[in-house]
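Okay, thanks for coming, everyone. Let me put this one up on the screen, and then we'll walk through it.

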Amino acid sequence: MSLPVFLCEALTGRTRPGETLALDGAEGRHAVTVKRIRVGERVELVDGRGTRATAVVRAVEGKARLLAEAESVAAEPAPRPRVTVVQALPKAERSELAIDLATQAGADAFVPWQAERCVARWTGAKEAKGRAKWQAAAREAAKQARRARVPLVAEPVDTDALVRMLRSDGAARALLLHEEAAAPLASCDLDAEHLYLIVGPEGGVGEREAERLREAGAAPVRLGPEVVRTASAAMVALAALGVLTPRW
C-alpha cells in the first residue's frame, strides 16, 4: 500500500536524512485529524517543487501538527518537455474539473484563457477567486496523484495577451487543439523543452482567433476521431504526450 502524501513547507532541497520536519497548518490537521496518522507510521512529504522525502512520524502534537524524521530525500527531475496548459475558461461546473484532470495527467503549469467564445467571465473579484480555486484544485489533485510538483496557475490572459506570450517565447512550441485540424498530434514535432497546449472553450475557437494563434506560431492539431470536452481535452492530450515524448 502506498504511503500518504502531504505538502510540507518545512521540506526543501537542502533537507537531509535524519532531520526532523514539522507538518502543521491545514496539512497537519489533515494528517492528524482526518487521516489519523500516528507515531511510528511512515509518510511521504513533498515540497511542491520536486523534492520528495520518506519520513517516520516521531511525535503528534494536538490536532494539527506532527513531527517526522526524514529517512530519505530525493530531488525528482522535471519532465521534458515541460507542458503549460492554456485552458479556456470552462463553465462553472467544469472549471475545476479541467484543472483536476490535467494535473493528474501531468500538467506543469496553467494559464487561464479568456477566449472570445468563453461563456464564463473572470471580471473584478471573480478573477482572484477563480485563480485561487484553480490553484486549490491543482494542489489537491497533485497530492492525490502523488506528485512532488504542484502546477502553478498564472494570471489570466485574453487572446491579445496570449498572442504576445507565444511570440515572446521563441524556444517553446505551441499546439492548438482543434477539431478541424488536419494534422494528428502524433505527426507533430515535439522535440522541445517547453510546450504550450492550448485548449479552447465549449463553443470552440473562433476562426479569426485561431488564425491569430497560428500566426503567433501555434500549430493546430487534432487528438483523434472523437471530439472531447474542454474539461477533459488537456488530460487526453497530456496522456498522448506522455507516450510520444520522454515524459513517461
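So, where is Val 236 found? Val 236 sits in helix 6, residues 230-244, with helices here being DSSP runs of H or I, at least four residues, and strands runs of E, at least two, numbered from the N terminus.

Quick housekeeping: this is a predicted model, where local features need pLDDT of at least 70, side-chain atom pairs count only at pLDDT 80 or more, and totals for chains, interfaces and linings use all residues. Residues are numbered from 1 along each chain as its sequence is written, and side-chain values use heavy atoms, leaving out hydrogens and water.

Back to Val 236: its relative accessibility is 33%, so it counts as partly exposed (buried is under 20% relative accessible area, exposed over 50%, partly exposed in between; 1.4 Å probe, protein chains only).

Now, aromatics. Rings of Phe, Tyr and Trp (its six-membered ring) pair if their centres lie within 6.5 Å; planes under 30 degrees apart are stacked, over 60 edge-to-face, the rest tilted. That rule gives one aromatic pair. The ring centres of Trp 122 and Trp 134 are 5.1 Å apart with planes at 70°, so we call it edge-to-face. Trp 122 is in the loop between strand 7 (109-114) and helix 3 (125-144), and Trp 134 is in helix 3, so the pair ties together parts 12 residues apart in sequence. Both Trp 122 and Trp 134 are buried.

On helix 3, the buried residues include Gly 130, Ala 137 and Lys 143. Just after helix 3, Arg 146 has a positive phi of about 65°.
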